[in-house]
Amino acid sequence: MPVREMKIDDLPQVLQIQKALAFQDWNERQFIAEITANYALCVVYEEAQFNTNEDPRLRGDDILGYAIFHLMGPDSELLSIATNDSHQRAGIGTALLNAGIAHLDFENGDKMFLEVREGNTKARRFYEKHGFEPYAERKKYYADGENAILYVKAT
C-alpha cells in the first residue's frame, strides 16, 4: 500500500512538497514534533520507482503527498494535507485523507475538523466531496487577513 506512516527520513521530500505549494510554513522541527507526538498520525503517500532493469535493489521511493492528523478521541483534526503539484487529481489526497478517517468511529460520535482559506475553492470542493460540511468562519484568521472556513465531518 502506498500510504504509510511518515518517518523523519521523509522530511526533505515532505518539506519540498510544502514549499512548492507555498501554503504553509512549517519547519523541520515542527514536523518532527508531530511525527513523535503520541496523538498525531503523520502519513505519506509513497510511489515506488524502479530503474529500467527492474532491479528492486535499485529502487527509489518518491513521496507524492503527506497528511498530518491529531487523533484526539471523539474530536480529531486534519492539520495539513498536501499532494505533489504534478500528481494532483490522481487520488493521492483521497488516500491520505482516508488514512486518517479510518481511525474514527462516526457511529459513536467521532468527528473530524479542519480549517481552510476561504478563497481556496479547490480545497473546499475536495473536502465537501469527502463529506465535510462548513459550520463556521474565523474572520481575518490568516496573517494576510483572509478568513478561515471551519469544516466538520461527522458521518
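This is a predicted model: local features need pLDDT of at least 70, side-chain atom pairs count only at pLDDT 80 or more; totals for chains, interfaces and linings use all residues.
Student: Which way do β4 and β5 run?

Tutor: They run parallel, and 3 bridges join them. Look for S76 in strand β4. S76 stands opposite M112 in β5.

Student: Is S76 buried or exposed?

Tutor: Use the cut-off: buried means under 20% relative accessible area. S76 has a relative accessible area of 1%, so S76 is buried.

Student: What does the side chain of S76 reach?

Tutor: The backbone nitrogen of M72, at 3.4 Å. Now leave aside the neighbours of S76 within four places in sequence. S76 is then in contact with H70, L71, L104, K111, M112 and F113.

Student: Let's turn to a helix. Which residues of α4 are buried?

Tutor: Helix α4 covers residues 121-129, and A123, R124 and Y127 are buried there. Seen down the axis of α4, these buried residues fall within an arc of 100 degrees, so they line one face of the helix.

Student: What does the face turned away from the buried side carry?

Tutor: It carries the exposed residues R125 and K129.

Student: What covers the buried residues of α4?

Tutor: The cover includes β4 (75-83), β5 (111-117) and β7 (148-153).

Student: What is the phi of G131, which follows α4?

Tutor: The phi of G131 is positive, near 90 degrees.

Student: What does L78 touch?

Tutor: Do not count residues up to four places away in sequence. L78 then touches A67, I68, F69, L97, M112, F113, L114 and Y127.

Student: V14 is found in helix α1 (residues 11-21). Does V14 count as buried or exposed?

Tutor: V14 counts as buried, at 0% relative accessibility. Not counting residues up to four places away in sequence, V14 touches M6, F31, V44, I63 and Y66. Compare V14 and A82, which are 68 residues apart along the chain. Their C-alpha atoms are separated by 8.9 Å.

Student: Back to the whole chain. How many helices and strands does the chain have?

Tutor: It has 4 helices and 7 strands. From the N terminus on, the elements run β-α-α-β-β-β-α-β-α-β-β.

Student: What share of the contacts comes from residues 24 or more positions apart?

Tutor: Take the contacts with a separation of 6 or more. Residues 24 or more positions apart account for 57% of them.

Student: And what share of the residues counts as buried?

Tutor: Of the 155 residues, 39% count as buried. The accessible surface of the chain comes to about 9300 Å², and 47% of it belongs to carbon and sulfur atoms.

Key. Residues are numbered from 1 along each chain as its sequence is written. Side-chain values use heavy atoms; hydrogens and water are left out. Buried means under 20% relative accessible area, exposed over 50%, partly exposed in between (1.4 Å probe, protein chains only). Helices (H or I, at least four residues) and strands (E, at least two) are DSSP runs, numbered from the N terminus. The arc is that of the directions from the helix axis to the C-beta atoms. Contact means heavy atoms within 4.5 Å. A polar contact is a pair of N or O atoms within 3.5 Å; within protein, one must be able to donate a hydrogen and the other to accept it, and residues adjacent in sequence count only if both atoms are side-chain atoms. Accessible areas come from the Shrake-Rupley method with a 1.4 Å probe; for residues, only the protein chains shown count as cover. Two strands pair if DSSP finds at least two bridges between them.
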